[in-house]
Each structure stands twice: as C-alpha cells, then as structure tokens.
Amino acid sequence: MKFYARALALAGIAAIAACSSASNQTLPSGAAAALPQIAGNAIEVPPNTRAMCNYVPRPGEVRCYSLMRTDIPQREGVQPNVAGYGPPDLEAAYHLPHGAKNGKGQTVGVVIWYDDPNAESDVGVYRQQFGLPVCTTKNKCFKKVNEQGKKSPLPRADANASGEISLDLDMASAICPNCKIVLVEANGPFDNDLNTAEDTAVRLGADAVNNSWGGGEEGATNSHFDHPGTMIVASSGDSGYGAQQPCSYATVVCVGGTTLQRGTGTRGWTETSWRGAGSGCSARVPKPAWQTDTGCTMRSEADVSAVANPSTGVAVYDTYGSHGWVVFGGTSVASPITAGIFALAKNAKKQNYGQNLWKAGGTAKFWDITGGLSNGTCPPQYPYICTPGVGYDGVTGWGTPNGIKAY
C-alpha cells in the first residue's frame, strides 16, 4: 500500500503530518510549550485536545493516560491519507524490524476497563489502512474477553474507554503486526478488577502486557503485577512529576514520553522530553538492585520512553467513541509501543523485569533524550528525575528504542 503525507494546521500548537514513512513533518521548536500544565495528579488539557480520563483517581481507582486531538477532521474507512504517525513512521524512528517472522508466535495483552463493541472491526480498518496482516477472532489472532477470561458477559460499553482500547490495539499492531492480541476488559477502573484482568492476560498467554493507566501509590509490591517470564509494561502518566502505580512497582517496566519530530542527520528524527510525561521517586517501593542512579534512594521512574506528545501524536481508528481517524498522544501511546517491542524481540521469558534495560542503559541500544522541558520541580537530591539530560533521567528513562536489542 502506498502512503501519502498531508500537512494539517494545528491551532496554536504545532503542525502534524500524515502518517507515512515518506512524509515530511515539521514542527515549530516551541511546540512543547503548549503541553499540559502540571497540577499534582490533575492535568490542564491544552487547547484542541481532550483527556479521555480527565479526573483525579480516588484510592483504589485509576485513570487512563490518553489525550485525543479534537482539531483533526474525522473520517471513516480506509483513506488515501490520515493524520498522525503510522507504522512506517514508528519503524523508521525506532529502527524496528518488520520481517514476516518478527514477533511471530508472540502475544500482546491489553488490559483496560469497560467494553469497546467495535474493537475488532476498528483494529481491522487500521491494519488494512497500513497493509498489516489480518488479525481477527476467526483466524485466532485476536481475542476479546472479560476480566475472568470469558467471552461473555462483557462489561458495559463506554465511549471514552473505546478510544483508549483502539489506541492500545493499534499501537500493538503497528509495532508487532505478526503478534497475536488478547484484549482483557475489566468491569471498571478499580484495583480489584484490574488485578484480576492482569492475571487473566498472563494466563491466556500474553508475552507482554500493556497497562496504559495508573493511579496513586498504594503499596510496595503487588503480586498481580509480578509475573516472571512475562513483561508487564505501564504508562508513567500525563501529569508530570509524581510517582504512579502500577508504573512504580519494581516488577513493571515504566514508560515515559517524548516529543518525536522528523529531523536531519543519520537517524532522520529528533526527540526531546515531553513535559506532560510522568516521572517520580517512589515513596513506597524500595529501590531494585538493578537501578543504578543514586539520587533517588527508592524506585525511580521511568525506565524507558517513546513518543507521547499529542502535538506529534499517532494515528488511531475508533468508531465507537469517535468517527474514524483521530490523533492520540499521552503516555498511553508510549506504553503499548514498548509492549509491542518486547513482543517483537521475542525474548520476554529471558527478561528480569527492567534489569536488562538498565544493563543496556547508556549504550547505542537507546536514543538518549537529552533535551526538552522539565516536567516539574524535584527535590535537590534528584533533579534528574524531573529534567532530561545525558544518560538516565526520570522523564525519558534511558531513552527510546534504537532497534530491539535492549528489549
């Protein structure tokens, strides 16, 4: 399939190009200035953007981390061009393999709450748009179940959740098109339901499980997010500095966010930190032995990162909460990208939580993100948790993937 580029004017934020490996995208250097303002665990959503879960979670409750652009014309069905980054762009930016055998036999699990009735058909349109292999219930590539692992009854349908579900499924497809997908829909955004759903995703064979959501820290450990041999991945949040769970569990790979733009040089892309991306020094989780930073004496987050800025967002197809093609940002983008890369690498059973990532930190296996804006004000003993710089920092972790070797 041939992809075409189309430039769109974005009111007061940036210009975002159509998804195409051959497209030209340019953004003003000040694009990051229009990102959400930090206010504890709440976010002040920028103009022309809608947070799918714009509330502060109560104890025992979580929220998703997806931000949808509202100034992008929505069209249904396969189109000659669509706005936002697509699979060819992400492959090029992160030097990912795309052979017929890459990711074959692997399964990406997606855990979220409520039901998207159009999940399977929508991801089918996304994959058709970009020439990806068919993935359906019929060919045993796609499976949708409730938190107990059964096909019915499914939880109630929800328009906001459908956007998050479409985003997660599309990113898993973009990064690992040969992977199977299991979507586990919990009854609600509550700890008990999501703990059950997490175990179900692992039980049904997921090699990597994505969690594009989080809430406040509640404990040092959680056995439901500790599954040796399965990579559990979570978003760091969209409200800047402040540790989140499940991201801060030492058994979870915590994923921060960046601003990704086309550029010059060998890579052809530039990345900076995204001010909205979450980071933190845990108040509850002891520092795992494999973390080597010394300022934060507890668990540091994030570990790695990927694109998350909604002004340089990704193409998503959703027809239950939206009307077709939309553009999404938030660390809800970065997390399923990372889960997909773990599956693409086909090495989950040999991983030890985030240990191998930290062993690879500081090498050419990552794009080190050294520039961009801070995401808040950290205590003087660990300013790097809030501010990007050479080597490890909390906002972007060790950086973004340069191929799959670190994974």
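How much space lies in the second largest pocket? The legends below refer to a predicted model.

**View 1. The second largest pocket and its lining.** About 170 Å³ of space lies in this pocket. Its lining is made up of 15 residues, and those nearest the centre are Asp191, Glu218, Asn222, Gln245 and Tyr249. Helix 4 (residues 191–203) contributes the most to the lining, with 3 residues. By class, the lining residues of the second largest pocket are 6 nonpolar, 6 polar and 3 charged.

**View 2. The largest pocket and its lining.** The space in the largest pocket is about 240 Å³. Of the 13 residues that line the largest pocket, Lys140, Cys141, Phe142, Lys143 and Ile181 lie nearest its centre. Strand 9 (142–146) and strand 10 (180–186) are the elements that give two or more residues to this lining. The lining of the largest pocket divides into 5 nonpolar, 2 polar and 6 charged residues.

**View 3. The aromatic pair Phe342 and Tyr407.** The model has 15 aromatic pairs. In this one the ring centres are 5.1 Å apart and the planes stand at 65 degrees, so Phe342 and Tyr407 pair edge-to-face. Phe342 belongs to helix 5 (residues 331–345) and Tyr407 to the segment after strand 22 (400–401), so the pair ties together parts that are 65 residues apart in sequence. Phe342 is buried, at 0% relative accessibility, and Tyr407 is buried with a relative accessible area of 2%.

**View 4. An aromatic cluster.** Trp290, Trp358, Tyr384, Tyr392 and Trp398 make up one cluster of aromatic residues.

**View 5. Arg156 and the ring of Tyr114.** Arg156 lies over the face of Tyr114, 4.0 Å from the ring centre.

Conventions. Residues numbered from 1 in each chain as written. Predicted model: local features only at pLDDT ≥ 70, side-chain atom pairs only at ≥ 80, totals over all residues. Heavy atoms only, no water. Phe/Tyr/Trp six-rings, centres within 6.5 Å; stacked < 30°, edge-to-face > 60°. Helix = DSSP H or I, 4+ residues; strand = E, 2+ residues; numbered from the N terminus. Buried < 20%, exposed > 50% of the residue type's maximum accessible area, 1.4 Å probe, protein only. Lys NZ or Arg CZ within 6 Å of the ring centre and 35° of its normal. 1 Å grid on protein atoms, 1.4 Å probe; cavity = no way out; pocket = protein on both sides within 12 Å on 5 of 7 lines; lining within 4 Å. Points joined across faces, edges and corners; volume = space filled by probe spheres on them. Nonpolar A, V, L, I, M, F, W, Y, C, P; charged D, E, K, R; others polar.
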